Amino acid sequence: MTQDTSSISSITILPGKTRDGSPEKFDALIIRPGDTLSIVGPTGSGKTALINDIEVFANCDTVTSRKILVNGVEPDEAMIRDPAKKPIAMITQNTKCLADLNVCDFLTMHMHSRRLIDDAVLEKTIAMANEFTGEKITGEMKMSELSGGQTRSLFIADAVVISDTPILLLDEIENAGIFKDRVIEILREDKKAIIFVTHDPYVALLTDKRIVMRNGAVQKILLPGDEEHKALEKIAAMDAAIFDLREKIRKGDLVTDVVGVIA
């Protein structure tokens, strides 16, 4: 019987091995709807490999030897192979689109593949994408002409509204110049499980759990405490100040005041 993607209650990551062949030092990591996790670690530590394992439903058949379960059991073939039945959407750093389509045609093509025919869904997707970026997106724009931030914003909105998957994997969204606070707010409202690969301290501290990677493996899993929650308030203020500073520079303004950037 085909598994129902609308009734997913958990995704379980079972440990694999480090690059030197040693077992990963955790029992199992269970992700449920509404959970937020960040994956952190140095470049080359295995962050992207971990989300790739989740996205392909690894079954001890990847270089990490991890195993992914859905609702405690192995996912069926339809869930793995059929894009319309896959409960996971992944937005990577490589978001350039080569299709010579405008935004409306691109989204409509995706809607048809999921048997959706609803102009309201199309309009909602574009409207949501515009909540994530300061560079306005219209339906007539060519996909190949969108900036990195516009493309990433559109793909996230597409995953939320059209794909409507219960699990969303986001690889370094902070690099796209999008409104990450609004992205996280909307995804939390939608009760999706969100997993971020990030170097951004603010994004990392916003999540419920933090997975620390090293040597291609999960080194530890951290649960933020009260002390981190207190620190988050200061980091949020610093992050907002840096965002304002970045926007001033983008607009061509002179920077004459950096009060509030450094706490």
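## Ground rules

Residues here count as buried under 20% relative accessible area, exposed over 50% and partly exposed in between, using a 1.4 Å probe and protein chains only. What we have is a predicted model, where local features need pLDDT of at least 70 and side-chain atom pairs count only at pLDDT 80 or more, while totals for chains, interfaces and linings use all residues. Numbering runs from 1 along each chain as its sequence is written, and side-chain values use heavy atoms, with hydrogens and water left out.

## Two loop residues with positive phi

K191 comes out as exposed, at 59% relative accessibility. Its phi is near 60°, a positive value in a residue other than glycine. You'll find K191 in the loop between α6 (180–189) and β7 (193–197); helices (H or I, at least four residues) and strands (E, at least two) are DSSP runs numbered from the N terminus.

D164 isn't a glycine either, yet has a positive phi of about 50°. It sits in the loop between α5 and β6 (167–171), and with a relative accessible area of 48% D164 is partly exposed.

## A buried threonine

T18 belongs to the loop between β1 (11–14) and β2 (29–31), and it is buried, with a relative accessible area of 15%. Its side chain makes a polar contact with the side chain of D20 at 2.2 Å. (A polar contact is a pair of N or O atoms within 3.5 Å; within protein, one must be able to donate a hydrogen and the other to accept it, and residues adjacent in sequence count only if both atoms are side-chain atoms.)

Setting aside neighbours within four places in sequence, T18 is in contact (heavy atoms within 4.5 Å) with P23, N215 and A217.

## How α3 packs

Helix α3 (residues 103–113) meets helix α4 (residues 119–132) with axes that come within 10 Å and cross at roughly 125°. Axes are lines fitted to C-alpha atoms, for helices over the stretch in contact, and angles run from 0 to 180 degrees between N-to-C directions. On the α3 side are V103, C104, L107, T108 and M111, and on the α4 side V121, L122, T125 and I126. Those residues split into 7 nonpolar, 2 polar and no charged. Nonpolar covers Ala, Val, Leu, Ile, Met, Phe, Trp, Tyr, Cys and Pro, charged covers Asp, Glu, Lys and Arg, and the others, Gly among them, are polar.

Then there's helix α5 (residues 148–163), whose axis comes within 11 Å of that of α3, crossing at roughly 35°. Here V103, F106, L107, H110 and M111 of α3 meet L154, F155, D158, I162 and S163 of α5, a set of 7 nonpolar, 2 polar and 1 charged.
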